[in-house]
Amino acid sequence: MKRHLILKATIVGMLSVNLAATAANPTIEVYKSESCGCCSEWVKHLEANGFTVKAKNVANPSDYREKFGMPDELGSCHTGFVQGYALEGHVPANEIKRLIAEKPKAKGLAVPAMPVGSPGMEGPRKDPYDVLLVKADGKYSVYKHYN
């Protein structure tokens, strides 16, 4: 009888840990072109930072940017979606975690122009760039600046 209770308690504990991990870092849907290498690198960055990613190769990723209400001028090569927020471009995982924790009234985050040094765009240098918070009305402001 004790052994049976211990087994049940162990299973419940394992499920609780798994649910807590899932709640902390939910699944991100990523819409990208099949041939884009930097999109795949961004997906790897998200996974390395604890997110589960469902990447979908699509003919025109910009259709998803439009669907989620992100301004065209902030466009990049892929669009993500997590907990009601759009993610446009090479948004760092830390800023996605912050967005999910703070839950602002916004459409999401964007890193336009594919800056060298952003996640998935690593290279010989790191250019400064901004992560933009896109508000519900489509206007945006700097959410985090990276040097």
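Colleague: Which ring does K144 lie over, and how far is K144 from the ring centre?
Modeller: In this predicted model, K144 lies over the face of Y146, at 5.7 Å from the ring centre.

Colleague: And which residue has its charged end over the ring of Y143?
Modeller: That is R98, whose charged end sits 3.7 Å from the centre of the Y143 ring.

Colleague: Back to K144, what is its bridge partner?
Modeller: K144, in β7, is the bridge partner of V131, and the strands β6 (residues 129-135) and β7 pair in the antiparallel sense over six bridges.

Colleague: What is the strand order in the whole sheet?
Modeller: The sheet is open and has seven strands, in the order β2-β1-β3-β4-β5-β6-β7, with mixed pairing. The edges are held by β2 (52-57) and β7 (140-146), each of which has a single partner strand, so one side of each is left without a neighbour in the sheet. On average, neighbouring strands are turned by 20° against each other, direction ignored.

Colleague: Which strands does α2 touch?
Modeller: Helix α2 packs on the sheet and touches β1, β2, β3 (78-82) and β4 (85-89), while its direction makes about 175° with that of β1. Helix α4 (residues 93-102), for its part, lies across β1, β3, β4, β5 (106-111), β6 and β7, and runs at about 135° to β7.

Colleague: Switching to T79, is it buried or exposed?
Modeller: T79, which is found in strand β3, is buried, with a relative accessible area of 0%.

Colleague: What does its side chain make a polar contact with?
Modeller: The side chain of T79 makes a polar contact with the side chain of E88, at 2.5 Å. Leaving out residues up to four places away in sequence, T79 also touches several others, including Y31, Y64 and F68.

Colleague: Those are aromatic, so which residues do the ring pairs link into a cluster?
Modeller: The cluster consists of Y31, Y64, F68 and F81, linked by ring pairs. Y31 and F68 form a tilted pair, 6.1 Å centre to centre with 50° between the planes. Y31 lies in strand β1 and F68 in the loop between α3 (62-67) and β3, so this pair ties together parts that are 37 residues apart in sequence.

Colleague: How are the rings of Y64 and F68 placed?
Modeller: Their centres are 6.5 Å apart and their planes are at 45°, so that pair is tilted as well. Y64 is partly exposed, with a relative accessible area of 22%, whereas F68, at 14% relative accessibility, counts as buried.

Conventions:
Residues numbered from 1 in each chain as written. Predicted model: local features only at pLDDT ≥ 70, side-chain atom pairs only at ≥ 80, totals over all residues. Heavy atoms only, no water. Pairing = 2+ DSSP bridges. Helix = DSSP H or I, 4+ residues; strand = E, 2+ residues; numbered from the N terminus. Axes fitted to C-alpha atoms, helices over the stretch in contact; angles between N-to-C directions. Contact = heavy atoms within 4.5 Å. Buried < 20%, exposed > 50% of the residue type's maximum accessible area, 1.4 Å probe, protein only. Polar contact = N/O pair within 3.5 Å; in protein donor to acceptor, adjacent residues only side chain to side chain. Phe/Tyr/Trp six-rings, centres within 6.5 Å; stacked < 30°, edge-to-face > 60°. Lys NZ or Arg CZ within 6 Å of the ring centre and 35° of its normal.
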